[in-house]
Amino acid sequence: MKEYQGARLTIRYCEQPPAGTEHDGWAPESWLAALQHIPPGKHNKIFARMAARREQLANEGQLRSPDYWNKEGGLPDGKHFYAIKVDRLRAYGWFSTRHKGVFYISHFAFKKGQKLAQEDTNRVEMNWRMIEKL
Amino acid sequence: MTDFLEQWASRSEANAKLLAEEVLITEVTEAIWRAMEEAGLTKAELAKKMEATKGHVSQVLNGNRNMTLRTLADICFALDRKPSLRLEARKTVDGWQSGRREDFHIRKTGLHYVQVDNVLTPSNGWKSAA
(Lines give C-alpha, C1' and ligand atoms only; values in the text may rest on other atoms or scores of the structure.)
Protein backbone atom coordinates (compact mmCIF):
# COMPACT_ATOMS: atom_id res chain seq x y z
CA MET A 1 0.00 0.00 0.00
CA LYS A 2 1.30 3.44 -0.91
CA GLU A 3 1.51 5.64 2.16
CA TYR A 4 3.85 7.98 3.98
CA GLN A 5 4.72 7.37 7.61
CA GLY A 6 5.47 10.35 9.82
CA ALA A 7 6.13 10.63 13.54
CA ARG A 8 2.46 11.30 14.32
CA LEU A 9 0.40 10.39 11.29
CA THR A 10 0.37 8.04 8.37
CA ILE A 11 -0.66 9.71 5.13
CA ARG A 12 -2.54 7.13 3.08
CA TYR A 13 -3.89 7.55 -0.43
CA CYS A 14 -7.34 6.38 -1.46
CA GLU A 15 -5.91 5.94 -4.94
CA GLN A 16 -3.61 2.95 -4.98
CA PRO A 17 -1.71 1.22 -7.79
CA PRO A 18 -3.54 -1.73 -9.34
CA ALA A 19 -2.82 -4.98 -7.49
CA GLY A 20 -0.03 -7.04 -8.94
CA THR A 21 1.56 -4.19 -10.88
CA GLU A 22 5.00 -2.63 -10.54
CA HIS A 23 4.65 0.27 -8.09
CA ASP A 24 7.82 2.17 -8.96
CA GLY A 25 7.01 5.39 -10.77
CA TRP A 26 3.31 5.14 -9.97
CA ALA A 27 1.48 8.33 -8.98
CA PRO A 28 -2.24 8.87 -8.28
CA GLU A 29 -4.21 9.62 -11.44
CA SER A 30 -5.80 12.68 -9.84
CA TRP A 31 -2.31 14.07 -9.11
CA LEU A 32 -1.27 13.63 -12.73
CA ALA A 33 -4.55 15.20 -13.91
CA ALA A 34 -4.13 18.20 -11.60
CA LEU A 35 -0.55 18.73 -12.77
CA GLN A 36 -1.82 19.08 -16.34
CA HIS A 37 -3.13 22.53 -15.37
CA ILE A 38 0.31 23.70 -14.26
CA PRO A 39 3.15 24.66 -16.63
CA PRO A 40 5.70 21.80 -16.83
CA GLY A 41 8.47 24.16 -15.69
CA LYS A 42 6.76 24.47 -12.31
CA HIS A 43 6.11 20.77 -11.72
CA ASN A 44 9.21 20.13 -9.63
CA LYS A 45 8.40 23.02 -7.31
CA ILE A 46 4.86 21.69 -6.88
CA PHE A 47 6.20 18.20 -6.09
CA ALA A 48 8.62 19.65 -3.53
CA ARG A 49 6.03 21.84 -1.84
CA MET A 50 3.46 19.06 -1.61
CA ALA A 51 6.10 16.65 -0.28
CA ALA A 52 7.25 19.18 2.34
CA ARG A 53 3.72 19.95 3.53
CA ARG A 54 2.61 16.34 3.75
CA GLU A 55 5.84 15.59 5.66
CA GLN A 56 5.08 18.38 8.12
CA LEU A 57 1.49 17.14 8.53
CA ALA A 58 2.72 13.58 9.09
CA ASN A 59 5.35 14.62 11.65
CA GLU A 60 3.41 17.27 13.56
CA GLY A 61 -0.16 16.01 13.13
CA GLN A 62 -1.34 19.34 11.77
CA LEU A 63 -0.59 22.26 9.46
CA ARG A 64 -1.20 25.74 10.83
CA SER A 65 -0.53 28.18 8.02
CA PRO A 66 -3.70 29.12 6.12
CA ASP A 67 -1.52 29.14 3.02
CA TYR A 68 -0.85 25.44 3.54
CA TRP A 69 -4.09 24.12 5.00
CA ASN A 70 -7.80 24.74 4.88
CA LYS A 71 -10.87 23.29 6.56
CA GLU A 72 -13.22 22.39 3.75
CA GLY A 73 -16.71 20.88 3.65
CA GLY A 74 -18.59 18.66 6.07
CA LEU A 75 -18.58 14.88 6.16
CA PRO A 76 -21.64 12.67 6.79
CA ASP A 77 -20.51 12.05 10.40
CA GLY A 78 -20.50 15.78 11.17
CA LYS A 79 -16.74 16.16 10.99
CA HIS A 80 -14.93 18.02 8.25
CA PHE A 81 -12.53 17.24 5.50
CA TYR A 82 -9.46 19.36 4.84
CA ALA A 83 -7.11 20.37 2.06
CA ILE A 84 -3.35 20.58 1.89
CA LYS A 85 -2.78 23.60 -0.33
CA VAL A 86 0.04 24.10 -2.82
CA ASP A 87 -0.68 27.13 -4.95
CA ARG A 88 -3.97 26.19 -6.69
CA LEU A 89 -3.48 22.48 -6.24
CA ARG A 90 -5.32 20.73 -3.42
CA ALA A 91 -4.98 17.39 -1.65
CA TYR A 92 -8.39 16.74 -0.10
CA GLY A 93 -8.52 14.40 2.86
CA TRP A 94 -9.77 13.60 6.33
CA PHE A 95 -8.56 12.28 9.69
CA SER A 96 -9.79 8.70 9.87
CA THR A 97 -11.93 7.56 12.76
CA ARG A 98 -11.76 3.92 11.71
CA HIS A 99 -7.98 3.85 11.28
CA LYS A 100 -6.43 5.78 14.14
CA GLY A 101 -3.47 7.94 13.24
CA VAL A 102 -4.24 7.91 9.53
CA PHE A 103 -4.94 10.94 7.35
CA TYR A 104 -6.54 9.75 4.13
CA ILE A 105 -5.94 11.72 0.97
CA SER A 106 -9.09 11.26 -1.06
CA HIS A 107 -7.73 12.81 -4.23
CA PHE A 108 -5.84 15.73 -5.70
CA ALA A 109 -7.45 18.53 -7.68
CA PHE A 110 -6.55 21.75 -9.41
CA LYS A 111 -8.83 24.43 -7.98
CA LYS A 112 -10.33 26.46 -10.79
CA GLY A 113 -12.62 28.81 -8.88
CA GLN A 114 -12.77 30.40 -5.46
CA LYS A 115 -15.31 27.96 -4.06
CA LEU A 116 -14.93 24.30 -3.26
CA ALA A 117 -16.23 22.37 -6.28
CA GLN A 118 -19.20 20.08 -5.71
CA GLU A 119 -17.46 17.29 -7.62
CA ASP A 120 -14.59 17.41 -5.12
CA THR A 121 -17.01 17.24 -2.18
CA ASN A 122 -18.78 14.30 -3.83
CA ARG A 123 -15.53 12.46 -4.42
CA VAL A 124 -14.34 12.96 -0.84
CA GLU A 125 -17.70 11.74 0.49
CA MET A 126 -17.63 8.68 -1.75
CA ASN A 127 -14.11 7.77 -0.62
CA TRP A 128 -14.97 8.53 3.01
CA ARG A 129 -17.92 6.09 2.83
CA MET A 130 -15.74 3.39 1.29
CA ILE A 131 -13.03 3.71 3.95
CA GLU A 132 -14.96 4.60 7.10
CA LYS A 133 -18.18 2.64 6.59
CA LEU A 134 -16.82 -0.75 5.51
CA MET B 1 6.28 2.01 2.50
CA THR B 2 7.13 5.11 0.58
CA ASP B 3 4.91 7.26 -1.61
CA PHE B 4 5.22 8.86 -5.04
CA LEU B 5 6.42 12.16 -3.57
CA GLU B 6 9.30 10.46 -1.81
CA GLN B 7 10.11 8.58 -5.00
CA TRP B 8 10.21 11.88 -6.88
CA ALA B 9 12.64 13.30 -4.30
CA SER B 10 14.95 10.31 -4.56
CA ARG B 11 15.04 10.50 -8.37
CA SER B 12 17.80 13.14 -8.51
CA GLU B 13 20.04 15.28 -6.33
CA ALA B 14 18.32 18.39 -7.74
CA ASN B 15 14.92 17.10 -6.57
CA ALA B 16 16.30 16.25 -3.12
CA LYS B 17 17.79 19.75 -2.87
CA LEU B 18 14.52 21.41 -3.88
CA LEU B 19 12.67 19.34 -1.29
CA ALA B 20 15.20 20.30 1.40
CA GLU B 21 14.54 23.99 0.61
CA GLU B 22 10.78 23.56 0.83
CA VAL B 23 10.99 21.51 4.05
CA LEU B 24 13.00 24.28 5.72
CA ILE B 25 10.57 26.97 4.51
CA THR B 26 7.61 24.88 5.71
CA GLU B 27 9.14 24.21 9.13
CA VAL B 28 10.05 27.85 9.71
CA THR B 29 6.65 29.11 8.54
CA GLU B 30 4.80 26.59 10.69
CA ALA B 31 6.94 27.46 13.72
CA ILE B 32 6.04 31.15 13.24
CA TRP B 33 2.33 30.36 12.92
CA ARG B 34 2.54 28.25 16.07
CA ALA B 35 4.17 31.11 17.98
CA MET B 36 1.54 33.52 16.61
CA GLU B 37 -1.26 31.21 17.75
CA GLU B 38 0.28 30.86 21.20
CA ALA B 39 0.69 34.64 21.47
CA GLY B 40 -2.84 35.20 20.14
CA LEU B 41 -1.53 37.42 17.34
CA THR B 42 -2.98 37.90 13.87
CA LYS B 43 -0.88 38.67 10.81
CA ALA B 44 -1.97 42.31 11.00
CA GLU B 45 -0.97 42.53 14.67
CA LEU B 46 2.37 40.90 13.96
CA ALA B 47 2.97 43.37 11.13
CA LYS B 48 2.16 46.25 13.44
CA LYS B 49 4.60 44.98 16.08
CA MET B 50 7.27 44.66 13.38
CA GLU B 51 6.46 48.12 12.03
CA ALA B 52 5.93 46.48 8.65
CA THR B 53 2.94 46.27 6.34
CA LYS B 54 0.53 43.36 6.50
CA GLY B 55 1.27 42.74 2.82
CA HIS B 56 4.97 42.30 3.56
CA VAL B 57 4.29 39.83 6.36
CA SER B 58 1.81 37.95 4.15
CA GLN B 59 4.35 37.62 1.35
CA VAL B 60 7.01 36.39 3.74
CA LEU B 61 4.71 33.85 5.35
CA ASN B 62 3.20 32.51 2.13
CA GLY B 63 6.60 32.03 0.53
CA ASN B 64 6.15 34.59 -2.25
CA ARG B 65 8.99 36.62 -0.79
CA ASN B 66 12.20 35.03 0.45
CA MET B 67 12.55 35.36 4.19
CA THR B 68 15.92 36.82 5.10
CA LEU B 69 17.55 35.95 8.39
CA ARG B 70 17.05 39.59 9.37
CA THR B 71 13.30 39.33 8.74
CA LEU B 72 13.17 36.08 10.70
CA ALA B 73 14.98 37.77 13.57
CA ASP B 74 12.49 40.67 13.44
CA ILE B 75 9.54 38.26 13.49
CA CYS B 76 11.01 36.36 16.44
CA PHE B 77 11.68 39.62 18.28
CA ALA B 78 8.10 40.77 17.69
CA LEU B 79 6.86 37.42 19.00
CA ASP B 80 9.19 37.65 22.00
CA ARG B 81 10.88 34.45 20.92
CA LYS B 82 14.46 33.41 20.37
CA PRO B 83 15.02 31.10 17.41
CA SER B 84 17.12 27.98 17.83
CA LEU B 85 19.00 26.38 14.98
CA ARG B 86 20.74 23.04 14.74
CA LEU B 87 22.26 21.56 11.62
CA GLU B 88 21.67 17.81 11.51
CA ALA B 89 22.74 15.08 9.14
CA ARG B 90 20.12 14.63 6.45
CA LYS B 91 18.71 11.31 5.35
CA THR B 92 20.85 9.44 2.88
CA VAL B 93 19.42 8.06 -0.33
CA ASP B 94 18.92 4.65 1.29
CA GLY B 95 16.77 6.26 3.99
CA TRP B 96 19.24 6.07 6.90
CA GLN B 97 19.98 9.11 8.99
CA SER B 98 22.53 9.59 11.69
CA GLY B 99 22.16 11.99 14.57
CA ARG B 100 21.54 12.39 18.24
CA ARG B 101 18.96 10.17 19.94
CA GLU B 102 16.82 13.14 20.99
CA ASP B 103 16.54 14.27 17.37
CA PHE B 104 14.45 11.25 16.43
CA HIS B 105 10.75 10.80 17.08
CA ILE B 106 9.89 7.20 17.89
CA ARG B 107 6.21 6.38 17.88
CA LYS B 108 4.74 4.01 20.45
CA THR B 109 4.29 0.92 18.31
CA GLY B 110 3.93 -1.89 20.81
CA LEU B 111 7.21 -3.29 19.54
CA HIS B 112 10.02 -4.09 21.95
CA TYR B 113 13.60 -3.19 21.24
CA VAL B 114 16.86 -4.57 22.52
CA GLN B 115 19.63 -2.03 22.89
CA VAL B 116 23.23 -3.11 22.46
CA ASP B 117 25.57 -0.14 22.75
CA ASN B 118 23.98 2.47 20.50
CA VAL B 119 22.05 0.06 18.26
CA LEU B 120 18.34 -0.58 18.77
CA THR B 121 17.09 -3.86 17.32
CA PRO B 122 13.43 -4.97 17.34
CA SER B 123 13.32 -7.99 19.61
CA ASN B 124 10.55 -9.63 17.57
CA GLY B 125 12.30 -9.21 14.26
CA TRP B 126 12.82 -6.59 11.61
CA LYS B 127 9.87 -7.83 9.56
CA SER B 128 7.32 -6.87 12.17
CA ALA B 129 9.00 -3.50 12.73
CA ALA B 130 9.03 -2.58 9.04
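1. Start with Glu3(A): this residue stands opposite Arg12(A) in β2(A). Strands here are DSSP runs of E with at least two residues, helices are runs of H or I with at least four residues, and both are numbered from the N terminus. The strands β1(A) and β2 (residues 10-13) of chain A run antiparallel, joined by 3 bridges; two strands pair if DSSP finds at least two bridges between them.

2. A word on the source: this is a predicted model, where local features need pLDDT of at least 70, side-chain atom pairs count only at pLDDT 80 or more, and totals for chains, interfaces and linings use all residues. Residues are numbered from 1 along each chain as its sequence is written, while chains are lettered from A and ligands numbered from 1 in the order in which they are written.

3. Next, look at where the chains meet. Helix α2 (residues 43-60) of chain A packs with helix α2 (residues 13-39) of chain B at about 50°, axes 8 Å apart; axes are lines fitted to C-alpha atoms, for helices over the stretch in contact, and angles run from 0 to 180 degrees between N-to-C directions. That makes α2(A) oblique to α2(B) (under 35 degrees is roughly parallel, over 145 roughly antiparallel, 65 to 115 roughly perpendicular, and the rest oblique).

4. The whole contact takes 27 residues from chain A and 24 residues from chain B, counting residues whose C-beta atoms, placed from the backbone, lie within 7 Å. On the chain B side, α2(B) gives the largest share, 12 residues.

Notes. Two residues are in contact if their C-beta atoms, placed from the backbone, lie within 7 Å.
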